[in-house]
Amino acid sequence: MNKDTIHITLPDGAVKPFSSGVTSLEIAQTISERLAQQALVASVNGAIWDLTRPIREDASVKILTWQDEDGKKAFWHST
């Protein structure tokens, strides 16, 4: 495996390989365009991250939308 490859674990337990530096928004786009459009922030290893922040190591990622309490909190905090 390429050393620039990281492994992202999704909420359903699926593990997908991505290039180091992938963003949560890019991950969301591989899942569905609708998810990418609705995404507000991401939970990366339990911490709230901006969608454009690069992920450089293996991580658990959850894309947060308005349907998620942490997504709403992040939206309210940033507006």
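Modeller: Happy to! First, a word on what we are looking at. This is a predicted model, in which local features need pLDDT of at least 70 and side-chain atom pairs count only at pLDDT 80 or more, while totals for chains, interfaces and linings use all residues. Residues are numbered from 1 along each chain as its sequence is written, and side-chain values use heavy atoms, with hydrogens and water left out.

Now to your strand. Strands (E, at least two residues) and helices (H or I, at least four) are DSSP runs, numbered from the N terminus.

Next, the neighbours of β1. Two strands pair if DSSP finds at least two bridges between them. With β2, strand β1 pairs in the antiparallel sense over five bridges, and I6 has F18 as its bridge partner in β2. The hairpin of these two strands has five residues between them, and G13 there takes a positive phi near 95°. With β7 (residues 59–64), strand β1 (residues 5–9) runs parallel and is joined by two bridges; I8 stands opposite A59 in β7.

Let us step back to the sheet. It is open and has five strands in the order β2-β1-β7-β4-β5, with mixed pairing. Because β2 (15–19) and β5 (47–49) stand at the edges, each with a single partner strand, one side of each is left without a neighbour in the sheet. From one strand to the next, the twist averages 40°. Helix α1 (residues 24–31) packs on the sheet and touches β1, β2, β4 and β7, and its direction makes about 75° with that of β7. Contact means heavy atoms within 4.5 Å; axes are lines fitted to C-alpha atoms, for helices over the stretch in contact, and angles run from 0 to 180 degrees between N-to-C directions.
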